[in-house]
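Subject: Model handover

Hello,

My notes follow below it.

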Amino acid sequence: MSVKLYDDALLDKLKEWTKRVKNMHIYGPGNTAQLFEITADESGDKPVKLPLISLTRPGGYTLINPNKNVRTYDGAMTDSDGETSLTLNSIPIQINYQLDIYTRKLEEADVYARELIFNIINHPTLKIIIPYNGLEREHVATIRISNNVEDNSGVPEMHFKYGQFTRFTLNIDIDDAYLWSVRKRNNVYIEDAADIEIIQKLY
């Protein structure tokens, strides 16, 4: 599914931004539903270790236009070997993410939230590679952040008790993403006129 390309690219960007933070754990869409089971397995059923960042994609994604995005009449020709060509078509979508920051102390969550906000605003570019049919073409999208930063520390979580952790929530979205389709088609040729019988009718 094309949307996973954006999940993986955004997760990689978060990991790159936080690679200097000691013992930071980051989980992305696809494993956050089992987040606490995963951390328990990793730690041998010991208490969950913080700090921790969880990236989720609640509600899937939105089709901005449920029709094929016409780049040329029948898709942009991207590559040709003489006999066949690749054509690229797309459907625009919007992807919404929820980014949760878990820490033991309020001050830590405040610091990480601040740094992530500045990173997203200053470096919003998200690059993906369209892999289908060996195309390997780069597409650049933009990460946008919502106005509200929520303190959800009072919301109960599995394996946590109230007062044991702080959770800040950021909402971000990508509104210039696409579902991609790369098709291989046979090229069309004009036959040699000498091989075609031409009949002219005069009226």
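From the N terminus on, the elements run α-β-α-β-β-β-β-α-β-β-β-β. That comes to three helices and nine strands. Both are DSSP runs, numbered from the N terminus: helices are H or I with at least four residues, strands are E with at least two.

The model is predicted: local features need pLDDT of at least 70, side-chain atom pairs count only at pLDDT 80 or more, and totals for chains, interfaces and linings use all residues. Residues are numbered from 1 along each chain as its sequence is written, and side-chain values use heavy atoms, with hydrogens and water left out.

Burial. Of the 203 residues, 39% count as buried. Buried means under 20% relative accessible area, exposed over 50%, partly exposed in between (1.4 Å probe, protein chains only).

Cores. A nonpolar core is a set of buried Ala, Val, Leu, Ile, Met, Phe, Trp, Tyr and Cys residues joined through side-chain atoms within 4.5 Å. The largest has 36 residues, and Tyr6 and Tyr97 have the most contacts inside it. Several elements supply at least two residues each, among them helix 1 (3–17), strand 5 (84–103) and helix 3 (106–122). Strand 9 gives the largest share, nine residues. Another core lies apart from it, with five residues, including Tyr27, Leu50, Tyr102 and Phe165.

Aromatic pairs. Rings of Phe, Tyr and Trp (its six-membered ring) pair if their centres lie within 6.5 Å; planes under 30 degrees apart count as stacked, over 60 as edge-to-face and the rest as tilted. The count is two pairs. Tyr102 and Phe165 are tilted, at 5.9 Å centre to centre and 35 degrees between the planes. They sit 63 residues apart: Tyr102 in strand 5, Phe165 in the loop between strand 8 (144–151) and strand 9. Both Tyr102 and Phe165 are buried. Tyr178 and Trp180 form a tilted pair too, at 5.2 Å and 45 degrees. Tyr178 is buried, with a relative accessible area of 19%. Trp180 has 9%, so it counts as buried.

Helix 1. Its 15 residues should span 21 Å at 1.5 Å a residue, and the end C-alpha atoms are 22 Å apart, which agrees. The expected span is 1.5 Å times one less than the number of residues. Buried residues of helix 1 include Leu10, Leu11 and Leu14.

Asn23. Asn23 lies in the loop between helix 1 and strand 1 (25–27). Its phi is positive, near 60 degrees. Most residues other than glycine have a negative phi. Asn23 counts as exposed because its relative accessibility is 51%.

Best regards
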